[in-house]
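Here is a friendly walk through one protein model. Keep the 3D view open and turn it as you read.

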Amino acid sequence: MRANFIFSEVWIGLRRNLTMTIAVIVTVAVGMALLGVGLMINSQVSKLTGFWSDKVELSVYLCTKGSPFEPCKNRGAVTQEEKGTLEQTIKALPDVEQVKFENQAQAFKNFQSTESNTLLLSVTKPEDMPESFRVKLKDPEKATAVASSLKGQPGVSNVVNERDLLQSVFGFMDTLRNVALGIAILMVIAATLLIGNTVRLSAYNRRRETGIMRLVGASNIYIQLPFVLEGLIAGLIGGVLSGVILIIVKVFIFESIQTYMAAPLGWDTVAGVITGTMAVGVLICVLASFVTLRRYLRV
């Protein structure tokens, strides 16, 4: 009988404040979805960073005939003696783990596999590609120091640190993640305030019923329980909607860029994010309802 009464009170509260309840659901759904997107981006950045951290290489390009780089001007292509000396110099560095030489044919083959511009492919020849040493480091953090030591060596036209090329991508994704998390925090605050106002309005509309319950000896928990359940239901529905939004984001956004991601975001990560954001949404609604009632409910 008591359970039937509590559920009837919950239904009455949701029906009387339908507009406010819908507003709470939408706010929770959007806020938790933004929070989830931020967490998904954070996870993707972490996966990519972990994947590439031990694969970062230095590309030490060698001078070719007519090379436009300053170190190669007023001289011809790198000689075999300079190649041998440079290779020994690179191998002697304590932070170097492995050195591989890439000739023009191999460079042209790699260029063909990565370049999509058909016009550029049609006018490029193997002899146009520079030879290079591919240097794998023991500690990728030392890439800048190693690159500086190799610049200016005889026969070296340019040294490219692949970590610098990836840093701009990671920086953009970090900014995107921070923006999403910042907006999500604002939405969570808005949801908390909106839930509090909804509970206050519901408590005011039912002040007569709650007053009677107090007179007949009902406990504070028994009086507050319908309001807390209303917040829980709104938070649960909002959390489910945010989960649907996150699945859509995964399918139509993350899946579309998986081709360019060496470490794709898995569905297990998405499931964990959805579970976490749903729990946060429900917890916020329950706590907001409970705290608001303790402060504003007067019977």
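Take Asp95: its relative accessible area is 22%, so Asp95 is partly exposed. Bear in mind throughout that this is a predicted model.

**The whole chain**

Now zoom out. The protein chain has ten helices and four strands. Reading from the N terminus, the elements go α-α-β-α-β-α-α-β-α-β-α-α-α-α. Of the 299 residues in the chain, 39% are buried. The accessible surface comes to about 16,900 Å², and carbon and sulfur atoms account for 63% of that surface. What about contacts? Looking at those between residues at least 6 apart in sequence, 84% join residues at least 24 apart.

**Salt bridges**

How many salt bridges does the count come to? The count is four. Here are some of them, with the distance between the N and O atoms.

| Pair | N to O distance |
|---|---|
| Lys91 and Glu87 | 3.3 Å |
| Lys142 and Asp95 | 3.8 Å |
| Glu102 and Arg134 | 3.0 Å |

Start with the salt bridge between Lys91 and Glu87. Both of these residues sit in helix H3, which covers residues 80-92, and they are four residues apart, about one turn of the helix. Here's some background on that: an α-helix has 3.6 residues a turn, so residues three or four places apart point the same way. Lys91 has 46% relative accessibility, so Lys91 counts as partly exposed. Glu87 comes in at 24%, so Glu87 is partly exposed too.

Next up is the salt bridge between Lys142 and Asp95. This pair links distant parts of the chain, 47 residues apart. Lys142 lies in the loop between strand E3 (132-137) and helix H6 (143-150), while Asp95 lies in the loop between H3 and strand E2 (96-102). With a relative accessible area of 36%, Lys142 is partly exposed.

Then there is Glu102, which forms a salt bridge with Arg134. These two also link distant parts of the chain: Glu102 is in strand E2 and Arg134 is in strand E3, 32 residues apart.

**A closer look at H3**

Let's go back to the helix that holds Lys91 and Glu87. H3 has 13 residues and reaches 19 Å from its first C-alpha to its last, close to the 18 Å expected at 1.5 Å a residue. Which residues of H3 are buried? They are Glu82, Lys83, Leu86 and Ile90. These four cover an arc of only 100° around the axis, so they are on the same side of H3. Turn to the face that points away from this buried side, and you'll find the exposed residues Gln80, Glu81, Gln88 and Ala92. And what covers the buried residues? The cover includes strand E1 (57-62), E2, E3, H6 and strand E4 (156-161).

**The disulfide**

The structure holds one disulfide. Its partners are Cys63 and Cys72, with their sulfur atoms 1.9 Å apart. Cys63 and Cys72 are both buried.

Not counting residues up to four places away in sequence, Thr27 touches Met187, Ala190, Ala191 and Leu194.

Lys250 is found in helix H9, residues 220-254. Its relative accessible area is 1%, so this lysine is buried. Leaving aside neighbours within four places in sequence, Lys250 is in contact with Met40, Glu255, Leu265, Trp267 and Val270.

Last stop: Cys285, which has 0% relative accessibility and therefore counts as buried.

Notes
Residues are numbered from 1 along each chain as its sequence is written. This is a predicted model: local features need pLDDT of at least 70, side-chain atom pairs count only at pLDDT 80 or more; totals for chains, interfaces and linings use all residues. Side-chain values use heavy atoms; hydrogens and water are left out. A salt bridge is a side-chain nitrogen of Lys or Arg within 4 Å of a carboxyl oxygen of Asp or Glu. Buried means under 20% relative accessible area, exposed over 50%, partly exposed in between (1.4 Å probe, protein chains only). A disulfide is a pair of cysteine sulfur atoms within 2.5 Å. The expected span of a helix is 1.5 Å times one less than its number of residues. The arc is that of the directions from the helix axis to the C-beta atoms. Contact means heavy atoms within 4.5 Å. Accessible areas come from the Shrake-Rupley method with a 1.4 Å probe; for residues, only the protein chains shown count as cover.
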